[in-house]
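Hello,

Here is the structure I promised to hand over. My notes follow below it.

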Amino acid sequence: MLHSPLAIFGAVFLIFTSLAAFIFGTWRERAGAALYLAAYLIANGLNWLSHMQGLSHTITDILCLIGFIILSWKSPHPWPLWAAGFQLASTMTGICDLLNINVSKWAYMTLLIVSAYGVLLALLVGTFAAARRKWQQRIGGSE
């Protein structure tokens, strides 16, 4: 949960990115933010209830990966594909942990953190690109 400064920063970054997507994004950015926020809350809730951290995170990672693949299907924007790629890295890391493939704990945590920030950065870039497109349409339509 929120047991370290890095985890607190990650949660704040997740909330900031989700709020930005809900306020400035289109339906695709809002769906991506809702998907990732729900996966975060469900994974942490299952971890708190069942103490099966690896399995709960892997299940929510797989569902989140499916969601980002659906969002990237026929998308004119590149951010859902980047988010799906980072989510795939997170999912494969969780599967390696469940299969007891020997990976150092440092490398495991680094890949999980980098992939989570990668998904959030892709969503944030997509949100700002959508906001810019909306602003340009509003400016261009008023002339």
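**What W79 touches**

Beyond its neighbours within four places in sequence, W79 contacts R28, E29, G32, F68, L71, A122, L123 and G126. Contact means heavy atoms within 4.5 Å.

This is a predicted model, where local features need pLDDT of at least 70, side-chain atom pairs count only at pLDDT 80 or more, and totals for chains, interfaces and linings use all residues. Residues are numbered from 1 along each chain as its sequence is written, and side-chain values use heavy atoms, without hydrogens and water.

**The core**

The largest nonpolar core has 20 residues, and Y36, F68, W79 and A83 touch the most other members. (Such a core is a set of buried Ala, Val, Leu, Ile, Met, Phe, Trp, Tyr and Cys residues joined through side-chain atoms within 4.5 Å; buried means under 20% relative accessible area, with a 1.4 Å probe and protein chains only.) Two or more residues each come from α1 (5–24), α2 (27–50), α3 (53–72), α4 (79–98) and α5 (105–142). Helices are DSSP runs of H or I, at least four residues, numbered from the N terminus. α5 gives the largest share, six residues.

**Helix pairs**

The axes of α2 and α4 lie 11 Å apart, at about 15 degrees. Axes are lines fitted to C-alpha atoms over the stretch in contact, and angles run from 0 to 180 degrees between N-to-C directions. α2 and α4 are therefore roughly parallel (under 35 degrees). R28, E29, G32 and Y36 of α2 meet W79, P80 and Q87 of α4.

The axes of α1 and α2 come within 8 Å and cross at roughly 150 degrees. That pair is therefore roughly antiparallel (over 145 degrees).

Best wishes

Definitions and conventions:
Buried < 20%, exposed > 50% of the residue type's maximum accessible area, 1.4 Å probe, protein only. Parallel < 35°, antiparallel > 145°, perpendicular 65-115°, else oblique.
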